[in-house]
Amino acid sequence: MEKLKPRDEADCLEIVKWAVADKKPLEIVSGGTKRGYGRPVEAAALADVSGLSGISLYEPEELVMTARPGTPLAEIEKTLHANNQELAFEPADYSKIYGKRGGSATLGGILAGNISGPRRIKAGAARDHFLGLRAVSGRGEIFKAGGRVVKNVTGYDLCKILCGSWGTLAILTEVTVKVLPAGQRILTVIVSGLSDSDATNAMAAAMGSSFEVSGAAYIPADVSIKSATDGAIAAIRVEGTGPSVSYRAAGLAEMLKPAGDCRIEKTGDSRAFWRSVRDAEFFTEHRDRPLWRVSVAPMSGPDVVATLRGQADIRAVYDWAGGLVWIEFSSEAGDDAGAGIVRDAVRPHGGHATLVRADDGVRRKTDIFHPQDAALAGVTSRLKDGFDPERILNPGRMYRTV
Amino acid sequence: MNSAPEQAVSLDQHSALEMPELDVDILGRRNEIIRDLRALVPGEGVISETSEMRVYESDGLTAYRQLPFVVVLPETVEQVSAVLRYCHKTGLKVVPRGAGTSLSGGALPLGDGVLLGLAKFNRILDIDYANRTATVQPGVTNLAITKAVEGRGFYYAPDPSSQIACTIGGNVAENSGGVHCLKYGLTTNNILGLQLVLITGEIINIGGKHLDSDGYDLLGLLTGSEGLLGVITEVTVRILREPETARAMIIGFPSSEDAGACVGSIIGAGIIAGGMEMMDRPAIHAADEFAQAGYPLDVEALLIVELDGPEAEVTDLIGRVEEIADANNASNVQVSQNEPERQKFWAGRKAAFPAIGRISPDYYCMDGTIPRHQLPKVLARMRELSEKYGLGVANVFHAGDGNLHPLIMYDSNVPGELEAAEDFGADILRLCVEVGGVLTGEHGVGVEKRDLMPEMFSETDLDHQQRVKCAFDADGLLNPGKVFPTLHRCAELGRIHIHGGKIPFPDIPRF
């Protein structure tokens, strides 16, 4: 397979033009940390865009940064950190789920997958921070969309549709994101010994309070974690400036005391814990086991898990106050990695389930992304036609014919 | 009954605005079409009398008027679906309309198109406090959502100044903002689900009470799509718990440069205020006279900064903002001591538009966004333009996010002033783009800024947007004449312009 390493936008354009003319499907990779996410791409050539790297504009007072998509997330975060800022959606690094070393995720890859961490429930997703772009579409044309300002309704919001399109519509060549001040202090209120549904109720109460919760996760007793070994825990995070954080953590602990034993964890321990939630580090040990990422209404999380526990040997972790459930099957999940029962369990609640990890054979045969009904699939397919009519950009990564 | 409406495209003085050519065949079949539509939406749901259609002839951009071909007011999603399917089959254009408060002409009717009003979709369907969502029909007003949940201490965050009248469906179509966007986001950041009817009549459900899209982010794409992609029949929004406390400060400055620098310093210090608004001298005077807000009148620029959160945090932040204001030459700082005083500080800002309306016979509200540090340059250039056109301008500015609302004052009874105001406005928007900003921050493109789109986007950029339109509405029946300066046929846009087979890129590194 031909492997190409474009240096800039002009190279990307050349590659796409060639691919279109010669009908050579391309697999687009940047840091390559999420190649196991999605259906395997059957490509004639690989385009590694990690060479399109570097921050080209950063104005802390304007809360804006422009970078080439191959810029390592580590570099972005280091630059922001020097100004007490951050990407508020808390981009995750899923490398370890796939047995890779962490640290090579890039900004472009994060945006292409719309990957957000625990703070998603307060600050929004990657897509909410994606302000502008330049890209090469599958038509072999350079286009731009959005801008460098937060408030912008000029034309269709193409940033939204490219975010989470997994490289199937265009190759990003420049991205502009909103950045925000970072919380200087973190405290985590830990409530121990709760059942799944009691934990979800506690998290809902916390989210419905005025304490500005920036993370709410539940780790059941059968999932081992490094930072705490005291059985099932619900963890509620608050961030911000000193006195406010103490006040809010104390208020939450007071409020949740009737639910179970409460304690407050300090900044350092909190950071490590939330990093492990963000990167789904609970599921890095058994990489032969299928792993699902399920998004449902927060209060539905325990129902989905209970239904599945009745049918299969699974382990689950809840993030997003119960709305994001990571579900790992034991190795006997069957030919479809549990797809049938997972989607049956999700269906009555609304939401979607994505098979994040499975072997190549299963990924080729199974719907990785949630199956769409005919009307929606029609829209998806016609959108693909608009950007990539020849199906040369990551074909099949999301859906067989897209 | 069924008298033919005035077919002359009576866009008042605006002969310059070109709208899609009237479909003569459709015009000739008016009686038959009205009869068919009545079968689909029985009772009072179809309005065809000129006198009764008059109220629909414009939206908030009142300078443009056009009597619709016919008005249809469906009550159920099935009716919407049936009407759209019929329009699709018949080749009949459709203009969706919420409360008609658009300031960009998004709901301007077409002389040969159905005006599809969603006013009867006015029910709140579900409030779910545990999941923190509300599901409502699109004709529910923005403020009604907050009213429905405030008893339990919740609210819906985006608060456009028309929130008492504007509907959530219109908010989604325009991606409406408000004064709290920097901290709490625009409509697009606060909705979770939509039910949408395509022009084919197909009903699709996008999102729900859960987060993030399973496939392409249609929720994000549809928000702000100005009624060109489909008709929204249900919206699920995120509701938030009200902050524990909120206090406002008003800070006067001897120059807008100082005020702008102060905003930059506040944000640079890591403080994201709940709201941060700026007014220039003409706006301060007009607003204070109108609302007796207690604004200082000897300043060139005024900032309203609202801080919200726990009491301890708000008190701490007020102290820090006061220090920053002093360091930026503030001449006057007042902090609200109670809720009525906070409301009073805001009353002037919220009444800024009608206040200008009182000192000028007419005003034209613009809506560009700029990188904040460009403010002094933009204001200086605006003063030059004001002299050039001989028209006054007052500025209110969502300072936190760079969204500028210049209010151009004119008198439509003076020949030439409306045209001068429009030219002045277009020059301001060109200036916004020139300094790195955009044509519209929250009011939408509509017909108003349609012909300025090439200032910001190349033809290739616009073609990529129009192909999105093709994915939803290949015949271009939904709200044509809005947003895009030139409508290309989808077949034409679909063609690919690459001929190849040559030896590819000898220079690109391989590995």
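Student: How many residues does the contact take from chain A and how many from chain B?
Tutor: This is a predicted model, in which local features need pLDDT of at least 70 and side-chain atom pairs count only at pLDDT 80 or more, while totals for chains, interfaces and linings use all residues, and side-chain values use heavy atoms, with hydrogens and water left out. Residues are numbered from 1 along each chain as its sequence is written, whereas chains are lettered from A and ligands numbered from 1 in the order in which they are written. With contact meaning heavy atoms within 4.5 Å, chain A contributes 97 residues and chain B contributes 102 residues.

Student: How much area do chain A and chain B bury between them, and which three residues supply 13% of what chain A buries against chain B?
Tutor: Buried area is the accessible area (1.4 Å probe) that two parts lose on being put together, summed over both, and here it comes to about 8000 Å², with 59% of it on carbon and sulfur atoms. On the side of chain A, the three residues that supply 13%, more than any other three, are A:Lys151, A:Val153 and A:Tyr156.

Student: How many salt bridges cross the interface of chain A and chain B?
Tutor: A salt bridge requires a side-chain nitrogen of Lys or Arg within 4 Å of a carboxyl oxygen of Asp or Glu. One pair joining the chains is B:Arg467 with A:Glu141, whose closest N and O atoms are 4.0 Å apart. Across the interface of chain A and chain B, the rule finds 6 salt bridges.

Student: Which element gives the largest share of the side of chain A that touches chain B?
Tutor: Elements are DSSP runs numbered from the N terminus, helices being H or I of at least four residues and strands E of at least two. The largest share, 9 residues, comes from residues 374–387 of chain A, which form helix 12.

Student: Is B:Arg342 buried or exposed?
Tutor: B:Arg342 is placed in helix 12 (residues 339–350) of chain B, and, not counting residues up to four places away in sequence, its contacts include B:Ala246, B:Glu306 and B:Ser336. Because its relative accessible area is 14%, B:Arg342 counts as buried.

Student: What separates A:Asp360 and A:Arg363 within helix 11 of chain A?
Tutor: The two residues form a salt bridge whose closest N and O atoms are 2.6 Å apart. A:Asp360 is partly exposed at 40% relative accessible area, whereas A:Arg363 is buried at 6%. Because they are 3 residues apart in helix 11 (residues 360–365) of chain A, their separation is about one helical turn.

Student: How far apart in sequence are the parts that B:Arg281 and B:Glu300 tie together?
Tutor: Their side chains meet in a salt bridge at 3.1 Å, N to O. B:Arg281 lies in helix 10 (residues 281–291) of chain B and B:Glu300 in the loop between helix 10 and strand 14 (301–309) of chain B, so the pair ties together parts whose distance in sequence is 19 residues.

Methods. Buried < 20%, exposed > 50% of the residue type's maximum accessible area, 1.4 Å probe, protein only.
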